[in-house]
Amino acid sequence: MAAVATCGGDAGSAGSAVATASKSNVTSFQRRGPRASGTNDSGPRLVSITGTRPSVRNGQLLVSTGLPALDQLLGGGLAVGTVLLIEEDKYNIYSSLLFKYFLAEGIVNGHTLLVASANEDPANILQELPAPLLDDNCKKEFDEDVYNRKTPESNIKMKIAWRYQLLPKMEIGPVSSSRFGHYYDASKRIPQELIEASKWHGFFLPEKIPSTLKVEPCSLTHGYIKLLQFIQNIIYEEGFDGSNPQKKQKNILRIGIQNLGSPLWGDDICCTENGDSSHSLTKFLYVLRGLLRTSLSVCIITMPTHLIQNKAVIAHITNLSDIVVGLESFIGSERETNPLYKDYHGLIHIRQIPRLNNLVCDESDVKDLGFKLKRKLFTIERLHLPPDLSDTVSRSSKQDLAESAKRLGPGCGMMAGGKKHLDF
Amino acid sequence: MTLSEGARAGTRELEMLDSLLALGGLVLLRDSVEWEGRSLLKALVKKSALCGEQVHILGCEVSEEEFREGFDSDINNRLVYHDFFRDPLNWSKTGEALPGGPLGALRAMCNRTDLGPVTIALDSLSWLLLHLPCTILCQTLHTVSHQDSCPPGDGSPVGKVHVLGLLHEELHGRGPMGALSSLAQTEVTLGGTMGQASARILCRRPRQRPTDQTQWFSILPDFSLDLQEGPSIESQPHSDPHIPPVDPTAHLTFNLHLSKKEREARDNLTLPFQFSSEKQEALLRPRPSQATSHIFYEPDAYDDLDQEDPDDDLDI
């Protein structure tokens, strides 16, 4: 206090400092903010960017993945500065749908998009994004869905538990005003004006690299080098890393990379076990993570890991990514006709969740999850297996229970543990 | 065979070849030593030539005479044959071989000027896979087969491109086969039993579920297709043919189902707490004044109301 009053320099500033000190009569601490300090550029403010929210666990800034069900499983959302790796299903149907949900969420929230692909033009990818469900329409449609499902049972008046007739029904649809995480209609396309209003950058590999280029052996595949340079340029030029002081509102860059590691990127990791460029994908992920950590960006990568021949590489890739989600669809496999899985279209495996500035990660205790794509919704649910009741259950389903029990966590009960069945 | 049967067989034959050529893009014909695929490749080439498409053949594995054998002259005149069998490394330096080998020929087809529908038959893709790096081959095939999705600037319609690749399954490992399968729009795996050839056709439409069907066929000497029914005896045992879905309520020691009379009797049963519907309605009507809940106790016949407190003899 005394130092402030007697400090030399401008008399005006000393006078104002004394005046503010006398106003806050309780303590000498002054709250930093636009009203306390007179200057324009104050200290760190609470950053409020559209479409983000701080995590309830550690205050980390989170964005939505586009699927509220997936957000919940990942502990609230995707942390800014991390990589979400999706291991594709065999025919790349559901993983591309998750990719599109991510990009559509970016458009709805007004984030900048960067779409990179080696097989499809990014402009075409953006044309096929699903339409967001607006608040007033979607509640009506969900009520319709619920009504259709419950029609056979609603006629029976409750005779014994009649007091429960008054209780309101469980809300399974979306909350009416949700600014974090929107629902999308997979059967409709996003309206053109939303795409035009959004800012996006595309990276289409065949355009950036002429096919007649003589490929010289180097540690990183040429396509990856170009992609990293492109991402770095966008981050620098648009100021996502704070290098150019942004006068306007801060924004998030959403990066989407499709089919990374496929031969179309020039990487032979899917073709051979020990190729020339066996480390280029892992180096790419390492450099990418460095770029993301120092900027306000989030990245989603879909990778055809079922084609990668070297299993050690998959382990390296999992370690180098932050969140890893594997999709396994039932199309074409014998599980499609299995009555155990008849309600679902596939299984979803959360393989890794990061520990960011934390010792503990927000893992849910539910490890066996299935997904299904209904008319408009992509839902992720806990698998409910029917109980193994009698000995005359046919061998195929019993064996399958044992197989699935190997993948189950302890959350499903120890009923079907191991290949030997003990009936109690 | 009557006229209508012949017509129907003809339409079914058309359906199989049409379905293979409908999607465009890369069509993989996977064959093996027992069930060869070159005759199916030639049948598809003949079908495309008869439809008026431009047909290019990259011949690497068999000689030109052997490939052209069995085609009649008008089809032979329509085929544009690039011969890489006789002199694959261009040692004779006569100048008639294309520069760049088969890869150069494929790349030249990427930048074609006329835009009608075109069919490119690769005989065989296995040869190309063994001589070229897999990634470059995949990238080139992708560019060639997806030309129709990038229309040129003047907006004229681009005809469909079909790339037919003959792939010998036994020559390659799982890696290259998986990589090429993921690129292909249609994949035909040839097999068969007891002398009957079958084709398992897997169509990957973009953003839709892949369709999988098996078709039994045989190829006639003039490279037209004859569709057949499967062999009469199912020699391979299926895993789960006619087992009915398991009913867990089947062999229980107690009865879970109710007959109609039993259901009526159950409905007419008076519940242990005597309850009338008026009282139920009265209770169900929401009463905002009461915050607490009430317990309505109606003693039934067996209840014994003891005036003595059983806890009396406890010394509390």
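**Cysteines, a lysine and a glutamine in a predicted model**

C271(A) is buried, with a relative accessible area of 4%, where buried means under 20% relative accessible area, exposed over 50% and partly exposed in between, calculated with a 1.4 Å probe and the protein chains only. The model is a predicted one, in which local features need pLDDT of at least 70 and side-chain atom pairs count only at pLDDT 80 or more, while totals for chains, interfaces and linings use all residues. Side-chain values use heavy atoms, with hydrogens and water left out, residues are numbered from 1 along each chain as its sequence is written, and chains are lettered from A and ligands numbered from 1 in the order in which they are written.

C270(A) is also buried, at 0% relative accessibility. Its sulfur lies 6.4 Å from the closest cysteine sulfur, which belongs to C271(A), and this is too far for a bond, given that a disulfide is taken as a pair of cysteine sulfur atoms within 2.5 Å. C271(A), for its part, is in no disulfide, the nearest cysteine sulfur being that of C134(B) at 3.2 Å. Over all chains, the count by this rule is zero disulfides.

Chain B contains ten helices and nine strands, which are DSSP runs numbered from the N terminus (H or I and at least four residues for helices, E and at least two for strands). Of the 316 residues in chain B, 39% are buried. Where contacts in this chain join residues at least 6 apart in sequence, 64% of them link residues at least 24 apart, a contact being heavy atoms within 4.5 Å.

Within helix α2 of chain B (residues 38–50) sits K42(B), a residue that is buried yet has no salt bridge, since the nearest side chain of opposite charge, that of E69(B), is 6.2 Å away, whereas a salt bridge requires a side-chain nitrogen of Lys or Arg within 4 Å of a carboxyl oxygen of Asp or Glu. The side chain of K42(B) does reach the backbone oxygen of F67(B), at 3.1 Å. Leaving out residues up to four places away in sequence, K42(B) touches E66(B), F67(B), E69(B), F71(B) and F223(B).

Q213(B) belongs to strand β8 of chain B (residues 211–219) and is partly exposed, with a relative accessible area of 40%. Beyond its neighbours within four places in sequence, Q213(B) is in contact with A199(B), R200(B) and I201(B). The C-alpha atoms of Q213(B) and A199(B) are 8.3 Å apart, although the two residues are separated by 14 residues along the chain.

Notes. Lys and Arg count as positive and Asp and Glu as negative; His and the chain ends are not counted. A polar contact is a pair of N or O atoms within 3.5 Å; within protein, one must be able to donate a hydrogen and the other to accept it, and residues adjacent in sequence count only if both atoms are side-chain atoms.
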